[in-house]
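This report goes through the pockets, contacts and backbone features of one protein model. Please keep the sequence and the 3D view open while reading.

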Amino acid sequence: MTIRTPAILLIGTQQRDALTREFRRYEVDYRIEYADGLAAAIATTQMLHSQDVPIALVAAQMELPDAAGLVALDCVHAISSAAKRVIVLAWEEFRSAMEVVREAQLAGRIDTSLTVPRGVRDEEFHTAVTELLSDWGWTSDVPVVESVQIVSDGISPLKSQICDFLERLGVPFRVYKPDSDVGRDALAGLNGAEPTYPLVVSPLGGVMNAPSIGEIGALFSMGREPEAGRVYDLAIVGAGPAGLAAAVYGASEGLSTIMLDADAVGGQAGSSSMIRNYLGFPRGISGMRLAQRARSQANRFGAHIYSARPVHAAELADGPSGVHILTLDDTTVQARALLVATGVSYRRHGVQAVEDLVGLGVHYGAATSAARGCEGKDVHIVGGGNSAGQAAVHLARWARSVTIVIRRPDLSETMSDYLTREIAGNPRIAVRACSEVIDAGGAGRLDWITLRDKNTGGEEKVSSHGLFLLLGAKPCCDWLPDDVVRDRAGFVVTGRDTPQHTWVDGLPPASLETTVPGVFAAGDIRAGSMKRVASASGEGAAAVPLVHAYLDTVNGERPVLEPVPTS
C-alpha cells in the first residue's frame, strides 16, 4: 500500500512570510503548498486530489485578493472534506473579526482560529496546529506504523467488532486482504492450521485465528490478571467518564483500585468522534483520546484497569465488615467498596431485518472505525441526541450524504444548540423528521433501508450503505442483585431518592450511595443523572470521598449525619 505524504495548504499573501516561517518545522512530514487566493486554492486542491494526496490542514488568512478566507475554506472543504480548517488572523484584525469567526465556529465552517505569531517559538500556535494534525492523522489517515494487522477476506460482524474495539482502545491498525504480503505472512504463521477470518496479527500475540474481543482485551492487558485472593479497597465496574474519574481520584488518594469494563475503556463517550462542549478543550477532543488520557492518569497512580472483562454477577456484603465479590468469566474480584459506573447502552432497534445486518453495514453507536469505509456513499443515522449529531458531522467528512432519521418534528428538543447549528450549515447532512426505519436489506451487507413517515404512513425504499443506530439509553446493570434498588426504567437510585423504608436509623444513604451500604453509583447508570460527560466525570470524582467515609465507617469511625425527617 502506497502512503503519500499529506499536504498542508496555506492560502494568503499578506501573511505568507510569517506562515512560511512557522510551517517550516512541518516540512519533514508534510508537503507544504501555497496559494495566493481563492482561484489558486481551488486549483491546488484539485491538483492534489488528482494526485491522490490527502490534505491534512488548510489555513487561510481572513481576507484574500479575490474572496473572503472563509469562502476559500468552504471551497477547499467541498473537495477535501476531511481536511482541518483554520482561519489565520493578523493581530490588527483580531477585534473586528472575532464575531465573524465565532459564527463560523458555531456553524462548523472552521475548526479553530489562530493569530499569526509575532515572535519566535510561539508554542501555543503550534500546540493548536499539532493537535489538529494529530486528530486528522488518527481519524482520516492510514497509520504509518500499525500495532495490529487484521487480515480479512471481506466484511463480517466480528471484523467490525474488532476494528471498533481497537479504534476505541487507541491502537493503530490496518486491514489487509489474504492475498497481500501481510496476508500471506499471516497465513504462514498459522503453521498449516485452517484460517478462520479475520486473523489478527500483533507482536504481543502472534497470529490469532478469529479471536474474541475478550482475547484481544487480555492481549493488551499484557497477560496481567486480577490478583487472586486480593481484597481491593475499591472496585469500579464500568470504564466510562465516571469510572475513569473515580479510578484517577481513588488511586491517587491511596485506595487500592481495580476497574473492569465489558468493552473498551471510555464507555459510550469513548465512541464519540469529537466532544466539543467538555470543559478545557476549546478545539474539542475525541472520546477515544479523552478516555486514553484518563486511563494513563489512572495507570500512573496505580489503578488496575481491565478491558473486555464483563462482570456477570455480584455477591454483596451483608455488613460493613464484609467484602463484595464480583464474578467474571474465569475468576472473582473482591473489594470493600463498589462503584457501579456501567453507564448505558443503545437500545436495540427491534426490526429483525436490521438486527441481521449488525456488523454488515449496520452499527450500534458512532463506530468511528467504519467512517472511512463510507466514502462517497449514502448513510443514515437513527437518533436525535448529541451522540447522533457528533456522528453525523464526523461521517459527513467522507459520506456523500448523511441523513438523520428522527421521530420528532426537529432536533431542537434533544440536541445541543451548537450541534444543530453545525448540522444546519452542512450541505451533506439532512434531517428526516417524523420518520422511522422499518426494514433493511442487501446482498450480504446493507444496501437499502425502508423509511416510514409517521404522519402519513407513506413508505420509501432508499439506498443506504451505512446505518448507525443511536437510540437512547438502556441501563447496563443486569448483573446487580435486587438488593440494589432501581427505578422503573432500570436506573440505580441513590441517596435521598432511595425508598425510605431502606434507610438506616432515619438516615438516607450518602448522596451517591445505593440501598446497599458500600455500593455507590455514578454517571449515566444513576437515576436522575444529567447524562453528560462532564457530569459523569464529576460524579465519579465525588464518589471517592464517600468511599473514604464508608471505609472509615468500616473501621468504626462512622461520620455524623443529621437525621432526615420522614414526613
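## The second largest pocket

The second largest pocket holds about 810 Å³ of space. A pocket here is an open set of points on a 1 Å grid over the protein atoms alone, with protein on both sides within 12 Å along at least five of seven lines. Grid points are joined across faces, edges and corners, and the volume is the space filled by probe spheres set on the points. The pocket is lined by 36 residues, and Arg85, Gly108, Ile110, Arg276 and Glu422 are the closest to its centre. Lining residues have an atom within 4 Å of a point.

Two or more lining residues come from each of helix 3 (69-79), strand 4 (84-89), helix 4 (94-106), helix 12 (386-395) and helix 13 (417-424). Helix 12 gives the largest share, four residues. Helices (H or I, at least four residues) and strands (E, at least two) are DSSP runs, numbered from the N terminus. By class, the lining of this pocket has 13 nonpolar, twelve polar and eleven charged residues. Ala, Val, Leu, Ile, Met, Phe, Trp, Tyr, Cys and Pro count as nonpolar, Asp, Glu, Lys and Arg as charged, and the others, Gly among them, as polar.

## Basis of the values

This is a predicted model, in which local features need pLDDT of at least 70 and side-chain atom pairs count only at pLDDT 80 or more, while totals for chains, interfaces and linings use all residues. Residues are numbered from 1 along each chain as its sequence is written, and side-chain values use heavy atoms, with hydrogens and water left out.

## The cavity

The whole structure has one cavity of 30 Å³ or more; a cavity is a set of grid points where a 1.4 Å probe fits but cannot get out. The largest cavity contains about 90 Å³ of space. Its lining has 13 residues, with Trp138, Ser272, Ser286, Met288 and Thr368 nearest the centre. Helix 5 (123-139), helix 6 (157-169) and helix 10 (287-300) each supply at least two of the lining residues. The lining of the largest cavity has two nonpolar, nine polar and two charged residues.

## Helix 6 and helix 10

The axes of helix 6 and helix 10 come within 8 Å and cross at roughly 60°. That makes helix 6 oblique to helix 10. Axes are lines fitted to C-alpha atoms, for helices over the stretch in contact, and angles run from 0 to 180 degrees between N-to-C directions. Angles under 35 degrees count as roughly parallel, over 145 as roughly antiparallel, 65 to 115 as roughly perpendicular and the rest as oblique.

Glu167, Arg168 and Leu169 of helix 6 meet Met288, Gln292 and Arg295 of helix 10, where contact means heavy atoms within 4.5 Å.

## Backbone features

A cis peptide bond, with omega about 5°, joins Tyr197 and Pro198. Pro198 lies in the loop between helix 7 (181-188) and strand 8 (199-202).
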